[in-house]
Amino acid sequence: MNGRNAFGHRASAGLPTNGAGQKSPPDALLEVAGLCVDYGRGAKRVRAVDGVDLNIQPGEILGLVGESGCGKSTLGRAMVGLEPAAQGQVTFRGRPVTTLGRRRRPADLRALQMVFQDPYSSLNPRRSVGALIGDGVILGGGSRGVAAQRVAGLLDRVGLPVDAAEKYPHEFSGGQRQRIAIARTLAADPTCLIADEPISALDASAQAQVANLLGDLVRETSLALVFISHDLSVVRQIADRVAVMYLGRIVEVGATERVWANPIHPYTEALIAAIPRADGRGILPVELPGDVPDPARPPTGCRFHPRCPLVEDRCRSIDPAPAPVDRREVACLVRAGSGGK
Amino acid sequence: MAGLLEVEHLSVALPTARGSFKAVDDISLRVDSGEILGIVGESGSGKTMTALTLLGLLPHGARTAGTAHFNGMDLLRCTTRQLQQIRGRQIAMVSQDPATSLHPILTVERQLTEHMRHHLGVGRSEARTRAIGLLATVRIPDPEQALTSYPGQFSGGMRQRIAIAVALACEPVLLLADEPTTALDVTVQAGILRLLERLRTERQLAVLIITHDLGVMSAIADRVCVMYGGRLVESGSRAEILSRPRHPYTRGLLDALPHPEGGVAQLRPIVGSPPSLGRVPPGCPFHPRCPYAVPSCRTGRPELVEVTRGHRLACPVDPLAELTGQASVTG
């Protein structure tokens, strides 16, 4: 962990507005500090992620939730180095996560891996499952022989029969394909997985199977997992901590149970109220009026104010900074007494 | 009184390279005016095929059996011309993905008014006025501006609202909604569900909603049908199916859900995966995944029988009967 201070110093030099109070514990495996990610240039520039501070410990599942367009996928991609940071940085085991370029990825980033949403497009249809998974081993310096040996173990690990190695992706259901994709990332011996909506494209029964598999992997190997999802009810079931994102910002982070039982940010509250419950009582979920605003022209002040039921005058002008309340961080002037940024 | 839509013993066989297989196997259901009927099932259960059959939109070479009476006509025996008069006019459909169901390079006005002018014979300005009213009904802000826009200029939730407006343009009496909210955020989903509920109350619109999301069912459906492997395995009122499910598959689907009110625990998935077309097991289609299966489940085809009033079940073993025993007395 010696390298961390040196890089941490460099990060803070370029960061005038690092969020207050987000001191990461020294054992953070993945650390995001003041991260901004832009798409486009000049007048067309859109800031998809705007000043996010987060960290994740080994053996922890962090849920990242928000509506589509809030920047959660972009944040996930930036965490593994698939999108360049416009400001701030991501550090993994004390080393900066460099953006994936044309050169080989630095060896020390191999343990940081990603699982994508759609197992129909993330697996090459013309290569056998054994070859797809074996690549992870070969790229890590293993021989073909070692790869062939490990494939069987990895398939077993994700609950697939060994003979699956001879087959092709189209012979499997969506849930099985996602298991194959997970086995492929496991071939790189990851210590941190970023899973972007890993179960959204799957059938109801497969969703629970894959969510359980990811949970088991974390418990058995102290893997750190960032579970990105728009479905708060699934995140609630598996995540230790949850971060709620709105229009490029984290509005509330805390232990899942606390956030669920007593959401403080009005946006978190609206997200939870909108989940229909399968209790047969016929209660319509609560609607949050309006749409996520255009991130190219974010509202002034608090970004949630145009849709917020608690809006006050000051919310229109003051941009709230995250403040510690009830053992979590919430960015809300009204509920959390946040100061301006 | 006859229902608005009465489907009797519907079967659909689809041709594949390996031969012809039943995607829908002898299902019967009815929808009344102002009623919301839900069909739940995983992919390959035949739920979407059921909807496509009603509109005569099956793939080439598909064969159907049974009847589907709608307003005194059998939809399965209508001529193409007759179906053209019904599709989009009396029965409309909203599909899962608004990004593909709307035409990307035609304006919203064109897509909203084209079938209105064709079916209802209204003029251009009349159609435009109606279109503005429809967009207001589905709560699109600034409808006049929206008319000149293209689908790509709207968010997913707004596009689905526009797709619903297109479906409602000719004032249909029955709306087929195939996973209408699956691609949307929960906040937007809540808005769409409230919209469907309002249309049912205000216009007596009948809705056949297809989804795999039991939460959505619980919020909006009056009655629920559960499909598995092309068959109807259980049907009944919303409260019966969701609070007192009798079929092991329905029970499994409910158990696999994260419980918002319960404590944090492992999710309990159903083992295995649903059968694909042509690979439906003999006997009860669910038996390979069923924790209660007995040898007779592998051979005998379970018939759908009424277990309590309005609650029908295709499981002769009925292992969950005792758990719900009180229900049948008060039922």
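Where in chain B does Asp142(B) lie? The close-ups below come from a predicted model, and the first one takes up that residue.

**View 1. Asp142(B), a loop residue with a positive phi.** Asp142(B) lies in the loop that runs between helix H5 (124–137) and helix H6 (143–147) of chain B. Check the backbone here: phi is near 55°, which is positive even though the residue isn't a glycine. Asp142(B) has 10 other C-beta atoms within 10 Å, and since 12 or fewer counts as exposed, that's the label Asp142(B) gets.

**View 2. His9(B), a strand residue with a positive phi.** Now over to strand S1 (residues 5–16) of chain B, where His9(B) lies. Its phi is near 50°, again a positive value in a residue other than glycine. Buried or exposed? His9(B) is exposed, because 12 other C-beta atoms lie within 10 Å and the cut-off for exposed is 12 or fewer.

**View 3. Chain B where it touches chain A.** The contact draws 38 residues from chain B, with 37 coming from chain A. On the chain B side, the elements giving two or more residues are helix H7 (156–168), helix H8 (186–203), helix H9 (214–220), helix H10 (238–243) and helix H11 (248–255). Which of them puts in the largest share? That's H8(B), with 7 residues.

**View 4. What kinds of residues chain B brings to chain A.** Sort the chain B side of the contact by residue type and you get 20 nonpolar, 12 polar and 6 charged.

Technical notes. Residues are numbered from 1 along each chain as its sequence is written. Chains are lettered from A and ligands numbered from 1 in the order in which they are written. This is a predicted model: local features need pLDDT of at least 70, side-chain atom pairs count only at pLDDT 80 or more; totals for chains, interfaces and linings use all residues. Helices (H or I, at least four residues) and strands (E, at least two) are DSSP runs, numbered from the N terminus. A residue is buried if 20 or more other C-beta atoms lie within 10 Å of its own, exposed if 12 or fewer, and partly exposed in between; C-beta atoms are placed from the backbone. Two residues are in contact if their C-beta atoms, placed from the backbone, lie within 7 Å. Ala, Val, Leu, Ile, Met, Phe, Trp, Tyr, Cys and Pro count as nonpolar, Asp, Glu, Lys and Arg as charged, and the others, Gly among them, as polar.
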